[in-house]
Structure formats: C-alpha cells, structure tokens
Amino acid sequence: ELLIHLDAKNAIHLLCFLSGDDDATVSMIAKKALGVESSLGDDVTFNETEWSNSSEAILSSVTFTELMETIVGRAAEVIPGRPKFAEFVVPAKAATCRFMLQSLFSEGSFYGQESCASAVDDYVMAILGTFADYQGRSLSREESDLLDECSICLESCVSTFRETRVALTSSEICYGFNDIAGQAVLSISSKTRRHLSRIMGCLYEDHCLWNDASDLSEKFSISQWLEKSGLLKNAEMCREILEKAFESSFVACEVHGAAFLGSSCLRAFRLGDANGTAEDSHDVSPTITKCWSVCSRIVNLLGKGLMHADEVIGNACAQGLVISFSYDGHDAPILNPFLYEGFALALNELNSALKKFNSIDHADPTRASTLIRAAGVLLAASTSGAGSRSNTEDVSVDLGPARLQCTEALFSILGGAAYRKDEELSLAVGEALAAYADAFGNAKWSNESEIWPDDYDEVFAFDLPPHQHVLYTLFQREVTHTNPLKRNASAAVLLALVAHASRQANLGRMDRAMVKQVSKNINLFQNSFIKLLSDPKSKQLSRESCCRGLAACRGLAHTLGDDGGILNERLLKAFGQTTYGGSAMIETESQARERRNERDGADADFPETEIGGAAGITESALGAFREMAAAAISLGRPDTVYSLLILSTSHSAWLAPRNRDKYNERSLLGNARAENSVSVRNALRPHLGKLVPRLLRACNDPNKHTREQMNSLWVALTGGGAESRAVITQNFLSTIDALIQDAVCSSWRARAGACSAISDIIVGRSWDELGGGGVVVDDDGEKMNTTASIRLIRLWRSALRALDDVRLVVRERGEVLGRSLRALTIRLCDPSVLISSDDTFLSDSDQMKKDREIEVQAEYAAAVSLGWLVKYGLNAPCPEATGICISCLLGIVDVSKPTTLQPVLAELCYALLMAMSGLEPAA
C-alpha cells in the first residue's frame, strides 16, 4: 500500500514475484493484493465482483502495456536483481498470468484508448513459451496448475482477439495449433484438456483463418478448410481413441481429451456446413463424405460412453454431446442426414442412461444433471430430423420415436430417485424441455391442435409439435399426478418454461411458436402455480418456483400488451383478497354469497368452497401470500405483489451463477417490474406502519410454510438484524396496538401469530417507548389517549386470555408471551435497571433530575402493575394465568421501593393469601 502510490509498476512486479514465495503467508498476502487469491484455477467470468478493491486500485493505476514491459519484458532485456516472468518460480508464473489477464480485460485496457495489440501478442507468446517449455515432460502438481492457468488465459485471448487466432495459425511460432491439438488429448490435467479443446474449436470456426491471402474475396471450399486446419485428421484421431474406451484397457485421460476435442471438431464442421459459408457446402466430395462419416461415428461413440463405468468418461461424453450440437442462434440448425444414424443411436443410449441413473439402484444426481443438459441440446438439435437408419448390428433405430422416448425419460426424472436426492434436477429438466420446445421458433407445424382432450392421451401427445407436446403433457399428466413428488417437481418445470417465454418476449421475439403457445395458456400456468403453491406437501423449491412463476406470467402478459388486470384479479382472489378489503377466509356469509354470485367464468377451474378463494386452499396454505396481497392492496399498488413474491424467495438455487440471470426480477417481470428490491423497500417505507404488524404476525404464523416465506420477505424488506429492530422501533406504537387487537381476534392463527410477535418486540422496551404518561389503573375500553399504562394493561389482558385459549397452539404462545411480559414488567418497575448510561456528560443537577424522572416512571409502572394484577390477574380463572401473575407480583415486590409498596401493601398481602389458598389442592 505504501509503494503502490509511489512506483506502481515496480510494486506490482514485486507482488508478482512474491506470489510464488516459499513462505505461505507471504505468498497469500501477495496474491490477495493482486486480487487473484480466489480466482486462480477458475474459469474467467469477468464479473466485477471477481476483483477485490485493492486489485481494482492496482488495475486502474497501471496500463497493461506498462505491465508487460515491466514484468515480461523483451527476451534480450535482462536487469540484474530484477527477475522477469521467465525466471519466476512456477506458482508465481500462474499468479502473474491470471493477474495480467485481469489487467488486459480491465476497463482501462479493454475499453480505453490504449492500443495494446503488441502487448497482447507478447502476452500470448509468453503463454505459448510456457507450454513449449513443458511439452513432453512429466509434470509436478504445481506445473500442472500452471498449465491449467495458461490454458484458461490463452482461451480468453483466443475467443476475444482475432489477432491471437491468426498468430496461432502461423508456422513461425514455437507452439502452434497442431501442438495445442495434441496437448488437448495427451495432457494429464482435465482442465487443460477442456480449455485447449475450446481453443481448437474457436480456431476451426473462424473460417477466414484458413483462407489464402489472395483469395479473400472468394469463398473457400470445405475440403480446403478441412485439409489446412487438420480438422479431419484430428477427428479421426479422436474417433480411434474413443473406440478404445470400450476395450479392456484404455487411457482415461486420452479418452477424456478425445471426447472434448472430437466434439469441438464436430461442432465446427456441422455449423460450417449448415451456414453454407463454403462454395461446396452441399457437395458430396469424398473428403466431406468421409468427414461426415467420422463425425457420425463420434456421435455414436459419445452416446455409447454415456453409461461408461468410469464417471469421468461418462460426464465427458455427455458434455461432448452438448458441445457438438450447441448453436449460437435462436433456432437450431437443420440436422444433416449424414448424422441421422449416429444421432438416433446416441438418443437411444441417452434414453437408457437417463433411466439407469434415475433408478433406485443407480440413482446419481450428478450424472443425471449432465445427462439432462445433454438431452435438452440433442432434442433441440433433432427437432428437424426424421427417418430411420440401421447400425452395424442391423438394428433399426428411428430418430422420431427415439426423440419421444428421450422426452419421456426427462419427464420420468420428475419425482424419481435422482430427484429425491437433488430437487434442483427439476429445474434442469424444465430448461431442457424449454430448449426442445423453442428449437424452431417460427416453424409451421402440420399437426398443431388448438383443442386438447380433457384426459391425457399418449398417442395424441406424441403427434403434437414440441411446444404443444411439452405443455400438454405437463398440464394433463404431471401437474395433476397423484404422486406429490411429481407435483412438486412440476412447479420448477413450469417456471422454466414460462421464464424462457418471458425472456424471449422481453427481447422482442413474440412471434416464436413457443412464446405464443405459453401466452395462450397463461391462465393454465397461473392456476397451476396457485394450486401447487397451496399443496400441503409442497417443498421450498416448489413454493418458490410458483412465486417466481407467477411473476413471470405477469411479465409475459405485460410484454404482450396486457395491462394485467385480469391476472391481478385472479391472483388476489385466489390469495383470499376480496373487494371488501379483507380476507375471503373471514368474510361474512352474505358477503361470500354476494362475491360468488359476482364471480365471472374465469375461476371455473376452481370448484366453489364456502370459505372463498381457490378450491382446496386453506387459510394456512396461503397465509403468507394472502398477507402479501393484502399489503399490495392497502398500498393501492396491486402489481407490488409480484415484487413481494420474488423478495420472499430465498432458495440457494436462485443464487447459483447459472440461474442468477435467468430467474431474477428483471428477467421475469421485464418492463412490468415495479422496482428492484432496494427501490421496493424505499417505496414501502412510508407504509411500514401498516405493514409491520401484518408482517410480524405472519412471520410467527403456526404454519411452517407461511413462516419461512414471510421471514424471507421480512428480511428482504427491512434488511434484517439491527435494521429490522430499528424499523420496529420507528413504528412501535402503531405495531403494538395492532398486534394487541390481533391477539384477541376471532382467528386462532392470528391470535397465535400476534402473541409470538408481541413477545419478540417488547423485549427491552422502556416506559417512554410504550407511550409514557401517568398512572391509569383500569382500562374501561373508552376512547382515550393511549398511554404506557393502558398498553401495559392491555398486554396483560391479552396474555391472560391467550393462556386460557381453547387452542393448544395459542396457549403455548401465551405462555411465551406471559414470560416476556413478566420480564418487561419487572424491568419497568426496577429503577436501577432503568438508569441510563449514555448521559455521561450531564451536570450533577441534570443527572439528579434524570434519575428522579426514572424513579417516577418506575413508580408509575409498579402502581399500574400492582393495581391491575391484584384486582384482575389473581382472579383469573386459569391456573396458569394466576401462576404467572403471582410470579410477576413477587418480582415487583423484590425490586420496588418501600414507598411504592406502602399504599397497596394490605390489599397485596390479602390477595396473595387468597391466591395461595385457591391454588392448594382440594384434598
């Protein structure tokens, strides 16, 4: 920190050198200062959160070119006592490579005016030189980590800078693309093999690299491209290695590398031919035919390897299939007929693998996850394919039925053995089905049907196009399944589908068939989410998927031009919110009858119930969501309920890097979103006086689901911890008054929740916080200025009623409230406890005045408590209530001054004696 402001270049040079120090503490501090401590060995994401504050300060102080000149330098430049990159120890080289990459992609270097093309070439040459130094050598652990880091950095440069790709195809460098292809198969590190295979894929897909300088104005032939790039040669090598994977002896690392390199070759060749970038892209020359044959065999072998006994090879084959048939556009490229045979066999093997690793005996969520992703890519890529081919064993495999069987295998994951071990598999299944349903957005389908049978018909489902097939199967079979695990898993699948449609619509792709189909069935999505949300056996991920799914329905409808009035009305009715401003669960019979008579046909899917709202949805099932809806209505902003629904979710799945951008508020709601979480919190600040009692009561609801959902919402709105306590303090009087009323209302859930909420918020409160004022020994219920005396009496009355409640849950909460109230009362009556310690600098006279005021407040509290407890508390019909009153009286006697007890001493002794006599057993 001292040197960085004086000589930044040399300071960074020193830190890079020290990052490889033998002392672990020195090395750790140097890496932390460079900002690479947590990023070493990880894939590059270029998130701003990846760099620490110290790294940001360093990156902004020195340019990438200056760093290259200082740390790497020229080959002939040698300064005694100042080692360059080539002289660093192995750990220091790895840390320096990552730091230089972060510097290259920092805002100043990447977006600034600095021209760093020459420095980038030097950086790439330093990395290639490192690869050349270790080529053909046995490597230690540190050296293997260095090559991992070099491969990550080289891939970032190759995928970003065309100059780097041109340099790698030059014959003048020490380590060219042929060396990279060989290392991608032979390296001992799986990470190095993966990244080097991606580098080869980037080189193959840049067709201009393989064109002669004199032929820039003409299209080159695929045959010429295959010959110059060596793609066909490398593909044949990968095919031979993959075939050895099923023999008795094989080299696992070579098979792993061949799966990734072969898939990169297949993707480049498939996309190159599909895009028609070459003049002979549709010719059937011997070279092209041979390449298609090799690629088809690679697909077959990758499919065959999905069930390999070695988990590493099985996962590599699944990832290889994902790479092979991935695409960059919105629509999947047309599947070439040369691939039908290998593709059908791969789909057949994938179907078997999904069933195997979802069975009870072989359930494996990790392998199932990679297989699910591969299934989504293959299903999307095969949507345009049809026909049948025979394999070498003369077994006919039809591509169409294989695709349908694979889809059924995906549905079988929902609620299966693998799902029971990892419920997030349902979200992966949903994303795979969404990719399949939206593979061809603007295609015309001859077998579309607008009328669906009421009961599930498998023959009818298989005849539908993908986007209708998926939705029909979900709504008619999965959502209504008798297995609760199936129903739970369906919620995440529905979310993935509607979220995908909402994202597409937000990007202006409203004309895609899948988006149109989802928008036509938006009411089915909403009804299904509400039913699954109220399912008593729903789990956290299922409930939160429903919450986010409802928000996605609103975002999709808004993007398509709907103002959301109908959706909002249906949602609020289902949550028990009526036009009368209260819950349908507690409305009168005449109001319920009137509401049902006015109900339109939109709710025909729900049978009528006498309690109002959706069918089968009890007060406990939707308690949290009813409170959210009521809060939104009370604010006059019904759309806020969707932001509240998203804020109430807290599952770790939404924070995963792969899901963070797919299912956040901006992605789901689009232009319909009210504000972000901070803005929503600020907008609700003026209304927290009304919301805090409702939220606190719901946070202590007897129903576990309601508590979990509302606690997440409470933390999101108030910040949690000290911030939540401050919010309660700011709105304490209105909150305590509302909760006191709820503690004696007709709803037992409200009574239980209010008692727990009161017992939490009264801890440590003072007389002034309760409202201050003088002594009032009786609350006659008339409208008057509510003082601390009135509130203390009402708190005791509420506690004693709760102790004598007919509901066990309310009685248990009443005991907790009684103990908290006893502690509060004794604290208020104790002058020594109430003496404040924050007035250190008061004068003696002011301190004496302050102490006298505190003593007076303690006398007020003791007078009110003694008077009411003696007159009413000891006469309570419930023994538990009488016991807590006696205990409180004894505590007050212990802490109160004699002058405070003297006026009520005789009456107190008589009352205690009578209470003691009443508590004695009859025998």
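This is a predicted model: local features need pLDDT of at least 70, side-chain atom pairs count only at pLDDT 80 or more; totals for chains, interfaces and linings use all residues.

A: Residues are numbered from 1 along each chain as its sequence is written, and side-chain values use heavy atoms, with hydrogens and water left out.

D804 sits in the loop between α40 (788-803) and α41 (808-829). Helices (H or I, at least four residues) and strands (E, at least two) are DSSP runs, numbered from the N terminus. D804 has 44% relative accessibility and therefore counts as partly exposed. The scale runs from buried (under 20% relative accessible area) through partly exposed to exposed (over 50%), with a 1.4 Å probe and protein chains only.

D804 also belongs to a surface patch of negative charge, together with E812, E815 and E880. Patches take residues with over 30% relative accessible area and no salt bridge; like charges are joined within 9 Å, and nonpolar side chains (Val, Leu, Ile, Met, Phe, Trp, Tyr) within 5 Å. A salt bridge is a side-chain nitrogen of Lys or Arg within 4 Å of a carboxyl oxygen of Asp or Glu. Asp and Glu count as negative, Lys and Arg as positive; His and the chain ends are not counted.

Now the setting. The protein chain has 46 helices and 2 strands, and 54% of its 923 residues are buried. V692, in helix α35 (residues 688-699), is at 0% relative accessibility and so counts as buried. Beyond its neighbours within four places in sequence, V692 is in contact (heavy atoms within 4.5 Å) with W714, V727 and T735.

Helix α23 (residues 466-478) is mostly covered, with 12 of its 13 residues buried.

The whole structure holds 24 salt bridges. One of them joins the side chains of R98 and E149 (2.7 Å, N to O). R98 lies in helix α5 (residues 90-104) and E149 in helix α8 (residues 141-160), so this pair ties together parts 51 residues apart in sequence. Both R98 and E149 are buried.

Note on methods. Accessible areas come from the Shrake-Rupley method with a 1.4 Å probe; for residues, only the protein chains shown count as cover. The place of a charge is taken as NZ of Lys, CZ of Arg, CG of Asp or CD of Glu.
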